[in-house]
Amino acid sequence: MSKKDFYETLGVSKGASPEEIKKAYRKKAIEFHPDKNPGDKQAEENFKTAAEAYEILSDGNKKAKYDQYGHAAFDGGGGGGYGGGHHMNMDDIFSQFGDIFGGAFGGGGFGGNSGGQRRVKGSNLRIKVKLTLEEIANGVEKKVKVKRKVQAAGVKYKTCSTCNGQGQVLRVTNTILGRMQSATTCTTCGGSGQTIEIKPNNADAQGMILEDETVSIKIPAGVVDGMQLKVSGKGNDAPGNGIAGDLIVAIEESEHEFLKREGENLHYDLYISFAEAALGVSKDIEAVNGKVRIKLEEGIQSGKILRLKGKGIPSLNSYGNGDLLVHVNVWTPKKLNKEQQQFFEKSLTDPNFIPNPEKGDKSFFEKVKDMFS
């Protein structure tokens, strides 16, 4: 007896997209699923045939061969799981395509069994780590002490008799579509699939104890306040054969004494005297990688912004650093002695002291606009 055309089996055309083929297979799989058709041999046969069709048509190379030669392309077992009159078994189908019908039948397993014991994950732990601006700029490795739940020495677990180690119990209900099966977390073992056989005296009901552990956390350069990092497997352990949860690390940025952060850029307020502004001066600027010496030209104006390229914070998601913006502020003395007062009184009428901005001297608003452009 000749095999039915795979496109006809799934009810799609030869020009169907991969998504349309997947959708059609899911529809057939749910229609003929053994859990929905208990004891129906024809439904089971249709279920297997649909899986065979999907195995070929979902694979670009196999599909091309099938389009050219039909079923003859795989005579002799050359189809990688499909050959001649071979039928896939149920375990093959659920292990390969279980994700296609997701949780529609208790997680995609045949008869509620997805091929192995359920592994639960322990709960996550959360901590805050306070970092200086220098640590953020350069990256840092922090060692923190964490109090986490671990399995007690000598604890022994056994397979939960209620759910047979699956962590779920199945419930069959009658609907307008027929008998439908749903899965709920086993209340006896809490979903772990295992219960305690031997419990040490110092352990809790799940066989766990609290233990201090020093965890090393590698923090990359460029993190921002409020960002969360994850250290896998350093949360609480899970009972039995479960896997540990994660340690969630929230970043808290300490305020710097001199530098203000704005994204990847840093701002520094530099105060100089009248004399320094008039004569020019060299100054040491506080940066995140140490001091930087800059030269101020004579006659520099208050409000001038000097941009030191690459002296800011590294970008977390791309290459390069931000800049360090030095804001020059000319300090006006609040009190003058008699000699100083006389000097400045004479300066009031001196043409050299009368403000005379050139066209190239930008206003404060233009400088701010340039900073953010």
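This is a predicted model: local features need pLDDT of at least 70, side-chain atom pairs count only at pLDDT 80 or more; totals for chains, interfaces and linings use all residues.
1. Axes here are lines fitted to C-alpha atoms, for helices over the stretch in contact, and the angles between them run from 0 to 180 degrees between N-to-C directions. On the H3 side the meeting residues are Glu55, Ile56 and Leu57, and on the H4 side they are Lys62, Lys63 and Tyr66. Sorted by class, this contact of H3 with H4 holds three nonpolar and three charged residues, and no polar ones.

2. Helix H3 (residues 41-57) also packs with helix H2 (residues 18-31), at an angle of about 165° and with the axes 9 Å apart. Angles over 145 degrees count as roughly antiparallel, and H2 and H3 are therefore roughly antiparallel to each other. The crossing of H2 and H3 is left-handed. From H2 the contact draws on Ile21, Lys22, Tyr25, Lys28 and Ala29, while H3 supplies Phe47, Ala50, Ala51, Tyr54 and Leu57. Eight of the residues in this contact of H2 with H3 are nonpolar and two are charged, with no polar residue in the set.

3. For the chain as a whole, the model has nine helices and 15 strands. Of the 373 residues in the protein chain, 37% are buried. Among contacts with a separation of 6 or more, 65% are between residues 24 or more positions apart.

4. The largest nonpolar core has 38 residues, and those with the most contacts inside it are Ile217, Ile294, Leu296, Leu324 and Val326. Leaving aside neighbours within four places in sequence, Val326 is in contact with Tyr268, Leu270, Ile285, Ile294, Lys304, Ile305, Leu306 and Leu308. Another core, of 20 residues, lies apart from the largest one, and its members include Ala43, Phe47, Ala50 and Tyr66.

5. Thr195 lies in strand S6 (residues 194-198). Its relative accessibility is 19%, and the residue therefore counts as buried, the limit for that term being under 20%. Beyond the neighbours within four places in sequence, Thr195 is in contact with Lys156, Tyr157, Lys158, Thr159, Cys160, Thr188 and Cys189.

6. Asn164 deserves a separate look, and is found in the loop between strand S3 (156-159) and strand S4 (168-175). Most residues other than glycine have a negative phi. The phi of Asn164, however, is near 55°, a positive value in a residue other than glycine. With a relative accessible area of 58%, Asn164 is exposed.

7. Asp237 is found in the loop between strand S8 (228-231) and strand S9 (247-253), and at 24% relative accessibility the residue counts as partly exposed. The C-alpha atoms of Asp237 and Gly122 are separated by 4.9 Å, although the two residues are 115 residues apart along the chain. Apart from neighbours within four places in sequence, the contacts of Asp237 are with Gly122, Arg148, Lys149, Val150, Gln151, Met208 and Ala244.

Conventions. Residues are numbered from 1 along each chain as its sequence is written. Side-chain values use heavy atoms; hydrogens and water are left out. Helices (H or I, at least four residues) and strands (E, at least two) are DSSP runs, numbered from the N terminus. Angles under 35 degrees count as roughly parallel, over 145 as roughly antiparallel, 65 to 115 as roughly perpendicular and the rest as oblique. A crossing is left-handed if the near helix is turned anticlockwise from the far one by less than a right angle, and right-handed if clockwise. Contact means heavy atoms within 4.5 Å. Ala, Val, Leu, Ile, Met, Phe, Trp, Tyr, Cys and Pro count as nonpolar, Asp, Glu, Lys and Arg as charged, and the others, Gly among them, as polar. A nonpolar core is a set of buried Ala, Val, Leu, Ile, Met, Phe, Trp, Tyr and Cys residues joined through side-chain atoms within 4.5 Å. Buried means under 20% relative accessible area, exposed over 50%, partly exposed in between (1.4 Å probe, protein chains only).
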